[in-house]
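I have the notebook open and a few things to look up. Here is the entry I am working on.

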Amino acid sequence: MQKLRIAVAGAGLIGREHCTLITSHPGAVIAGIADPAPEAQALAESLGVPHFGDLETMLDAVRPDGAIVALPTGLHKSAALSCIGRGIPSLVEKPVAATLADAFEMARASEASGIPILVGHHRRHSADIREARRVVQSGKLGRIVTVNGMAWVDKPDRYFDVAWRREPGGGTLLINLIHDVDCLRFILGEIRRVGAFVSNDVRGLDVEDTASVSFEFDSGVLGSFTISDAVASPYSWERTSGQALYFPHQPENYLFIGGRDGALEVPTMEYWHHGPEGGDWQADLTRETLPLDGTQTYDNQLAHFLQVIAGNEPPVIDAADAARTLAVILAVKRAAAEARTVDIAEMLEGLQDSGAP
Ligand SMILES: NC(=O)c1ccc[n+]([C@@H]2O[C@H](COP(=O)([O-])OP(=O)(O)OC[C@H]3O[C@@H](n4cnc5c(N)ncnc54)[C@H](O)[C@@H]3O)[C@@H](O)[C@H]2O)c1
């Protein structure tokens, strides 16, 4: 079988990981790397692939089957449009774009041209998240009542040596919480309204390091999530799932889903329920561990992208869908800044005619 030729734009933290994933995949090969940094040139040389200073030159020179856009978020829109203009499907890292207007412009261009954009919300391909969604949709937990989650990690100070991570848009909400929000939407459906407290007290940077968020879903589910990039703890999907690329695996849980008939812990997939005889708060609960398929999320994402390129599957998350995840994060920021609850509909106002579903 002919290997699909994938170009990679941006060979920083995540772009390098994409390169490793492509080189280990039997169905793909790196067509070229575009990134002006000397380290990127050295990487391209070490992999024996062509190196370019910018995306457009690379696309015109190597005519890849697909492109991965792992550039700073502010460059996602122009990169995605460059790919679409050349008929090249792209996998654009998350957040889909820096603004909702950009995100919906990408969605519109993709829809009008028929050239797909897959957004890099990789956890949608993870066995635990897929299983949590399946369990919720199966009715096993009964009517879902509530959800609670955590993403508590301790980023090293050197992480913030990269300028864009210290600048507006570079805080833990747009970099990290966006993954958790996307999982919540994927598992439990649309979020209607948010309230939030956000703080930068611990690191003292311009960007936030810690937040506490409350969610109301369209279904009526009420949830909460706390996040911090300044806490030494095992409680994040990255560490607990064993699926993230550059984190040790420490089995624990980061997400708890509660329904009338049972509760689920993710990612250990402990399923608590009363069993066929029923019971209430003073009766013993049965604990079952639901099996996972053992696959790895980034491998699954790349395999899916290859299917998207081949035209065999629509993107699991396209630009319009990812724009809704972005809208929730921007609503969290607005809720905290204005000390009020914010409807997601308010964030989407004026954008509904421009690509929003
Ligand atoms: N899905 C994930 O797990 C995940 C993880 C980390 C980052 N991300 C996302 O990926 C994107 C990149 O993040 P990162 O942490 O890898 O950033 P980074 O700063 O480590 O890397 C970005 C790279 O882009 C290069 N670059 C900058 N401008 C360029 C241009 N005009 N043309 C070509 N190359 C250019 C830089 O030299 C750098 O090497 C962000 O949107 C981020 O949110 C996703």
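My notes on the sheet, the helices and the salt bridges follow.

**Ground rules.** I am working from a predicted model, in which local features need pLDDT of at least 70 and side-chain atom pairs count only at pLDDT 80 or more, while totals for chains, interfaces and linings use all residues. Residues are numbered from 1 along each chain as its sequence is written, and side-chain values use heavy atoms, with hydrogens and water left out.

**The sheet.** I began with the strands; helices (H or I, at least four residues) and strands (E, at least two) are DSSP runs, numbered from the N terminus. I found an open sheet of 6 strands in the order 3-2-1-4-5-6, with parallel pairing. Two strands pair if DSSP finds at least two bridges between them. The edges are strand 3 (51-52) and strand 6 (117-119), each of which pairs on one side only. I then looked at how strand 5 (residues 90-92) meets strand 6: the two run parallel and are joined by 3 bridges. Leu 91 has Leu 118 of strand 6 as its bridge partner.

Which strands does helix 9 lie across? I noted strand 1 (4-9), strand 2 (28-34), strand 4 (66-69), strand 5 and strand 6, with the helix running at about 115° to strand 1. Contact here means heavy atoms within 4.5 Å. Axes are lines fitted to C-alpha atoms, for helices over the stretch in contact, and angles run from 0 to 180 degrees between N-to-C directions.

**Helix 10.** I checked residues 319-338 next: helix 10 has 20 residues and reaches 28 Å from its first C-alpha to its last, close to the 28 Å expected at 1.5 Å a residue. The expected span is 1.5 Å times one less than the number of residues. Helix 10 is largely enclosed by the rest of the structure, because 15 of its 20 residues are buried. Buried means under 20% relative accessible area, exposed over 50%, and partly exposed in between (1.4 Å probe, protein chains only). At the start of helix 10, a side-chain oxygen of Asp 318 comes to within 3.3 Å of the backbone nitrogen of Ala 320. After the helix comes Ala 339, with a positive phi near 50°.

**Salt bridges.** I took a salt bridge to be a side-chain nitrogen of Lys or Arg within 4 Å of a carboxyl oxygen of Asp or Glu. By this rule I have 24 salt bridges.

- Asp 102 pairs with Lys 77, their closest N and O atoms being 3.5 Å apart. This links helix 5 (residues 100-113), which holds Asp 102, to helix 4 (residues 76-85), which holds Lys 77, across 25 residues. Asp 102 counts as buried at 19% relative accessibility.
- Arg 130 pairs with Asp 293, the closest N and O atoms lying 3.6 Å apart. Arg 130 is in helix 6 (residues 127-138) and Asp 293 in the loop between strand 14 (286-289) and helix 9 (297-309), 163 residues apart. Arg 130 is partly exposed at 34%, and Asp 293 is partly exposed at 48%.
- Arg 203 pairs with Asp 229, with closest N and O atoms 2.8 Å apart. Asp 229 is buried, at 1% relative accessible area.

I also found a network of salt bridges linking Arg 124, Asp 182, Arg 185, Glu 190 and Asp 321.

**Thr 172.** Last, I looked up Thr 172 in helix 7 (residues 172-188). Is Thr 172 buried or exposed? Thr 172 counts as buried, at 1% relative accessibility. Leaving out residues up to four places away in sequence, Thr 172 touches several residues, among them Lys 155, Glu 208, Ile 227 and Asp 229.

Key
A polar contact is a pair of N or O atoms within 3.5 Å; within protein, one must be able to donate a hydrogen and the other to accept it, and residues adjacent in sequence count only if both atoms are side-chain atoms.
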